[in-house]
Each structure stands twice: as C-alpha cells, then as structure tokens.
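I opened this model to look up its sheets, a few residues and a pocket. These are my notes, in the order I made them.

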Amino acid sequence: MPMAATSGPIERAIFHNWSATTRNCSSNRATSAIPWSTLPIADLAFISVNTAMSRELAPIAVSAGAVVIDDSSAFRMDHDVPLVVPEVNGEDVELHKGIIAIPNCSTTPLAMVVHPLSQRGSIKRIIADTYQSVSGAGGSAMVELREQSWALLDGRTVEVKFQPQQIGFNVIPHIDAFQENGYTWEEQKMIDESRKILHSPDIAISATCVRVPVYISHSVSVHIELENPISVNEAKDSLRLMPGLQVMDDPANNIYPMPSDVAGKDDVYVGRIRQDASHPNGLAMWVVSDNLRKGAALNSIQIAEEMIERDCLRM
C-alpha cells in the first residue's frame, strides 16, 4: 500500500517490508523475516496484506498495544470493527476495540457521493456498475496488461496469467470469485460495505464490477433512487459541499472525470450528473477516484488523523 501525502499530526512512521517475508513450504504460511517482538512500540499499525495474514497479524499488533488500521476484507463486516470513510462516518472510529477496517477501493467513492445526497432525503435504491483498473489486482496485473497489449499490437498470441481472461484490449465482467447468487465477491462487498458505512442496512443495492484495461483509477456509473425527487442543481450543491469530493461536470465542453485525469489525485471526482430518465426520483452520475489513494492509502492515513483528532487511540 503506497503511503499517502499528509500534512496531519503523524510524527513518526515505522515500516515493515512484507516483501521480505519468507514462506514455510510445509504449511504454506508466510512468516515475517523480522519478529514482531523486535519492532518498536507503536500507537498505530497499518496492515495491508491478504485476508489470512491480516487475521493472523492484527490481533498480535493489538495485543502489543497498537490500534490496527487494516486494508484487507478480513474484518470489514465484523460487528465490533468500524468500517470507516472519515468524510462519511468518521465518528465511528470512536467505537473501535483495537481494529478499524478501510473499505474496498470501489466502495469508498460510492459512499462519498451517496452520503451528501442522503442528507437531502432517504436513499431507497442504488445501482453501481464499476470500471476497475488493473492496479486493483496488483502490480502483476499491470505488467500483464502491458505485455498483452504489446503482444496484440505485434499480432502475437497473448498469455493469460493473473486475470481470469485476456485484459489487453478487453473488459472482464468478473472480479473475485462468483457466489451462489450470481454476484461476485467484489460485488457483494460493495453491497454489504456500503450499507454498513452509511448506517443504512435496508438500502436496496445492486452492483456489477468489471475489470478494464486501465492502469490506475476506478470509475463507477451510479444510479440513485431517492424517496423524494431533487433537482440536478440541488444534487450538485450537496455534492460540492462534501469534503474530498470534486464536481467536474461540464459535458457541453467535454469536461467530466476520467481515469487519466484523476490518477495521482486524492479527491473523488463526480460528473455527468443528470436526472435518471427511468425514474422521477432518480439521479445518474459518473464517479472516478484513484484506487491507490482514496481507495486505499489516503483513507488509512485519514482514519489515523481522525482518531488523533478525536483522541481515541486508546481503547
């Protein structure tokens, strides 16, 4: 997880390089090359590993006195673990019992646009279709996109290694494993996590998650049904007041957020805001964010700053 830029009160950071782990072949478990007991005492532990390792490491860090901010899906839906986007539900950090989870990188931008609109009236239904960059699948997926693109441009056969299908000059409607209900785990995470972050367990949500041949930034086509109608101008006013959210919406002059514009930026961008032609109480919009920043590293740092500001580093 890349470190986000911050001007907040974090004075000292200690990094443990998990690329320097060793693997025990007999148990197929990754083992730290540096024992946890040798690490200095810390107030916060940022963990960005796979789910199994998070479940192993987080309790160790908590028992050593640190508050864990975890980037995996290991704890997101645990009842006792806050799932936090600071601009949306920052107060939830006060409920932690040693672990705070950050959402999936496609859930965060969705919550960022839904939250200010929910202040105008109850949200009844959300349909979100994502266009997710390959960096969400790791560095190997980025290399695979480059290699496949070169091969196709040279007229050579592509080799599929890390994605379920060819990603070069293609889109794949398949991120993570399929469930019995036909949704992928990625799609189910968006549904469950959004309800938890928004404190709205009854919102009807459907998601389709698609991998696209883009290096960085996830995009989401969002349709929101409210209990009562609001105008496009009212929606824009609410969105402009949301911290960390930028309205970029002048389609007459070809101005709308795109992955190439947003990569490397901290804020979430929203455009193409319009009335939903299929429902009188509906809005449609296009949302783009850097999945490596607000979708991961930046959100973790903001959670830490929120905890410091609220003086709740201790349980």
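**Entry 1**

I began with β10 and β11, which form a hairpin with six residues between them. The model is a predicted one: local features need pLDDT of at least 70, side-chain atom pairs count only at pLDDT 80 or more, and totals for chains, interfaces and linings use all residues. Residues are numbered from 1 along each chain as its sequence is written, and side-chain values use heavy atoms, with hydrogens and water left out.

I noted the terms next. Helices (H or I, at least four residues) and strands (E, at least two) are DSSP runs, numbered from the N terminus. Two strands pair if DSSP finds at least two bridges between them. Strands of a sheet pair through backbone hydrogen bonds, either parallel or antiparallel.

How many bridges join β10 to β11? I found five, between β10 (residues 268–275) and β11 (residues 282–289), and the two strands run antiparallel. Gly271 has Trp286 in β11 as its bridge partner.

On β9, I found that β9 and β10 pair in the parallel sense over three bridges. Leu245 stands opposite Val268 in β10.

Then I traced the whole sheet. Six strands make an open sheet, in the order β7-β6-β8-β11-β10-β9, with mixed pairing. At its edges are β7 (204–211) and β9 (245–247), each pairing on one side only. Neighbouring strands of this sheet are turned by 20 degrees against each other on average, direction ignored. For angles, axes are lines fitted to C-alpha atoms, for helices over the stretch in contact, and values run from 0 to 180 degrees between N-to-C directions.

Two helices came up here. Helix α5 (residues 185–197) lies across β6 (123–132) and β7, at about 140 degrees to β7. Helix α6 (residues 232–240) packs on the sheet and touches β9, β10 and β11; its direction makes about 165 degrees with that of β10. Contact means heavy atoms within 4.5 Å.

**Entry 1: the three-stranded sheet**

I moved to another open sheet, where three strands follow the order β3-β4-β5 with parallel pairing. β3 (44–47) and β5 (99–101) stand at the edges with a single partner strand each, so one side of each has no neighbour in the sheet. Here too, neighbouring strands are turned by 20 degrees against each other on average, direction ignored.

Three bridges join β4 (residues 67–70) to β5 in parallel. In β5, Ala101 is the bridge partner of Asp70. Helix α8 (residues 293–309) packs on this sheet, touching β3, β4 and β5, and its direction makes about 160 degrees with that of β3.

Is Met112 buried or exposed? I found Met112 in helix α3 (residues 107–118). It is buried, because its relative accessible area is 0%. Buried means under 20% relative accessible area, exposed over 50%, and partly exposed in between (1.4 Å probe, protein chains only).

Leaving aside neighbours within four places in sequence, Met112 is in contact with residues including Val88, Leu245, Val268 and Lys294. Val88 is 24 residues away along the chain, yet the two C-alpha atoms are separated by 6.7 Å.

Ser194 lies in helix α5. Ser194 counts as buried because its relative accessibility is 1%.

**Entry 2: cysteines**

How many disulfides does the whole structure hold? My search found zero. A disulfide is a pair of cysteine sulfur atoms within 2.5 Å. The sulfur of Cys105 is 9.2 Å from the closest cysteine sulfur, in Cys209, so it is too far for a bond. Cys105 is buried at 14% relative accessibility. Cys312 is also buried, at 8%.

**Entry 3: the second largest pocket**

I looked up the second largest pocket last, and about 800 Å³ of space lies in it. It has 35 lining residues, and those closest to its centre are Asn104, Cys105, Gly136, Ala137 and Gly138. The elements that give two or more residues to the lining are α4 (139–153), α5 and α8. α5 gives the most, with three residues.

On a 1 Å grid over the protein atoms alone, a pocket is an open set of points with protein on both sides within 12 Å along at least five of seven lines, and lining residues have an atom within 4 Å of a point. Grid points are joined across faces, edges and corners, and a volume is the space filled by probe spheres set on the points.

Conventions. On a 1 Å grid over the protein atoms alone, a cavity is a set of points where a 1.4 Å probe fits but cannot get out, and a pocket is an open set with protein on both sides within 12 Å along at least five of seven lines; lining residues have an atom within 4 Å of a point.
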